[in-house]
Amino acid sequence: MAEVGGARCHAHAGGAAAGRAWDSGWLEEVDHPFCSGRLRRWWAATMRLNQNTMLLGKKVVLVPYTSEHVPRYHEWMKSEELQRLTASEPLTLEQEYAMQRSWREDADKCTFIVLDAEKWQAQPGATEESCMVGDVNLFLTDLEDPTLGEIEVMIAEPSCRGKGLGTEAVLAMLSYVTTLGLTKFEAKIGQENEPSIRMFQKLHFEQVAASSVFQEVTLRLTVSESEHQWLLEQTSHVEEKPYRDGSAEPC
């Protein structure tokens, strides 16, 4: 079974339509438990900050989703298994490019493409497309609660599943977005997708709901101070580095 968590909110299905009110954006000051003083947020910019950010871990490298990645992503989404697990409809290549541009500009989502770190570092000059294994996404879906995000991960390459790449991708994403003020996370996963459910449970997510209509369960993580410390420990090796389209180089 594919390593896919948070399937129903995949951007092919519901992500692009969710939270359109965020696009206008506004300035908001909120108390943040892990930052001194008050955190000032410009929501229209916050979720696009990763367009210049690369996260380098031991197993995965997270890079912004650019047009370079679209052809490989398009091939993945021809898979009936991935379409089923992500509740997605197949798109044309032209539509896929348009979707990528939408993800890049929308203020309600943060998207990283997941690269195989070992392959990326072992092959100098390798293209990012040749090292792609999946994606990890965070969506703002609740206008009443700007500290809540919905997270999903997809490891699309069958040979890369069950090796901890999805786990590290989710941990890196969680650590990254908690610095932006998010403290509660949900994952909506198909009831039959036991590998993804177990993965999120290992990351301290707890089941809070089940839907017979969507045949999915909702798991939630609330990042308390102790959870935040645990998250920092789990991602202490992850490096944040600058990224520009096509210029990320293996270390």
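This is a predicted model: local features need pLDDT of at least 70, side-chain atom pairs count only at pLDDT 80 or more; totals for chains, interfaces and linings use all residues.
Student: What makes Cys160 buried or exposed?

Tutor: Buried means under 20% relative accessible area. Cys160 has 9%, so Cys160 is buried. Cys110 has 1% and is therefore buried as well.

Student: Why is Asn50 called buried?

Tutor: The cut-off is under 20%, and Asn50 has a relative accessibility of 6%, so Asn50 counts as buried. Asn50 lies in the loop between helix H2 (43–46) and strand S4 (53–56). Leaving aside neighbours within four places in sequence, the contacts of Asn50 are Pro64, Cys110, Thr111, Phe112 and Tyr176.

Student: Which residues have the most contacts inside the largest nonpolar core?

Tutor: They are Leu62, Val136, Ile151, Phe185, Phe200 and Phe205, in a core of 38 residues. Elements that each supply at least two residues of this core include strand S5 (60–64), helix H8 (165–178) and strand S9 (184–190). H8 gives the most, nine residues.

Student: What is Phe185 in contact with, leaving aside its neighbours within four places in sequence?

Tutor: Among its contacts are Leu138, Leu148, Leu174, Val177, Phe205 and Leu219. There is also a second, separate core of 21 residues, which includes Val61, Met99, Cys131 and Met154.

Methods. Residues are numbered from 1 along each chain as its sequence is written. Side-chain values use heavy atoms; hydrogens and water are left out. Buried means under 20% relative accessible area, exposed over 50%, partly exposed in between (1.4 Å probe, protein chains only). Helices (H or I, at least four residues) and strands (E, at least two) are DSSP runs, numbered from the N terminus. Contact means heavy atoms within 4.5 Å. A nonpolar core is a set of buried Ala, Val, Leu, Ile, Met, Phe, Trp, Tyr and Cys residues joined through side-chain atoms within 4.5 Å.
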